[in-house]
Amino acid sequence: MKFVSYLKLMTHSYTITGMTCGKCVARVKSEILKLGDVVEAEVQLNEPQAQITMGRHIPVQSLQQAIGKAGPYTIAEMNQHGHLSQKEETMPSSTNSYFPIFLIFGLIAGITFLIQVVKNSFSWMEWMNHFMAGFFFVFSFFKLLDLKGFAEGYGTYDVLARKFPQWGYIYPFVELLLGIALLTGLFPIGTNIAIIIVMGIASIGVIKSVLKKSVIQCACLGTVIKLPLGKVTLVEDLLMVAMSLVMLLFMA
């Protein structure tokens with residue numbers, strides 16, 4: 001324990017999402033202990049994930065900045081009844097925005113729409129094909145910028161990545177290959193079936209997290225852009241499933 005001259009110490013309990021192993025615990029604890037007013041910190045995988053003793057109150061935002069250096073982790077304070085404090089039930093305001101996703105979807109939709117406009121004939125099937133290809137290219141790009149960070153964050157809620165952590169490292173490359181297959185027109189039936197399976201499995205973890213109202217950072221855009229995991233993420237996954245189903249129906 002650090003030696004401090006504070007007359008009165010205070011201990012608060014916190015939940016930390018994103019930790020999946022002992023290494024995560026060690027990294028988070030190390031960053032918390034670097035804060036000057038922290039006297040002692042107990043960090044574990046089970047709830048409450050952290051009990052921090054401090055000489056002066058440390059805002060959750062400061063704790064979030066500290067553990068953010070260790071990886072894609074999110075911290076929220078618990079009240080005396082063991083529940084999240086009301087003001088902490090949502091993610092920090094800086095991350096509580098889906099604007100990046102709406103912007104990306106809008107740009108991809110607009111660009112692929114213009115490609116069809118300049119042609120003599122407009123094909124909705126071709127537009128969907130190009131839109132889906134653009135979606136997988138852009139989203140895989142952001143994930144590959146920090147592959148390790150994405151894999152760790154994805155493993156906090158994806159049902160497959162939880163059991164097989166390696167899937168988090170493979171998934172961005174799967175998205176990239178799906179984008180290439182869509183753009184080149186290779187194996188259209190197999191590609192759309194693969195999309196339904198991959199995105200269908202991905203949506204299961206999102207559905208569970210949404211139903212539990214878990215405060216988790218979405219890994220869909222990697223660690224570069226922080227987003228809350230919610231209904232918009234679910235719509236994003238299911239939209240790809242729906243488009244692939246439509247493509248298959250028209251191919252039949």
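**Notes on the predicted model**

1. Leu-114 is found in helix H3, where helices are DSSP runs of H or I with at least four residues, numbered from the N terminus. Leu-114 counts as exposed because its relative accessibility is 53%; exposed means over 50% relative accessible area, buried under 20%, with a 1.4 Å probe and protein chains only.

2. A quick word on provenance. This is a predicted model, with local features needing pLDDT of at least 70 and side-chain atom pairs counting only at pLDDT 80 or more, while totals for chains, interfaces and linings use all residues. Residues are numbered from 1 along each chain as its sequence is written, and side-chain values use heavy atoms, leaving out hydrogens and water.

3. Back to the helices: the axes of H4 (residues 124-145) and H9 (residues 231-251) come within 11 Å and cross at roughly 145°. Those axes are lines fitted to C-alpha atoms over the stretch in contact, and angles run from 0 to 180 degrees between N-to-C directions. The H4/H9 crossing is left-handed, i.e. the near helix is turned anticlockwise from the far one by less than a right angle.

4. Who touches whom there? On the H4 side, the residues that meet H9 include Trp-127, Phe-131, Phe-135 and Phe-139; their H9 partners include Leu-239, Met-243, Met-247 and Phe-250. Contact means heavy atoms within 4.5 Å.

5. Ser-209 sits in helix H8 (residues 188-212). Ser-209 is buried, with a relative accessible area of 7%. Tyr-157 is 52 residues away along the chain, yet the two C-alpha atoms are separated by 6.8 Å.

Conventions:
Helices (H or I, at least four residues) and strands (E, at least two) are DSSP runs, numbered from the N terminus.
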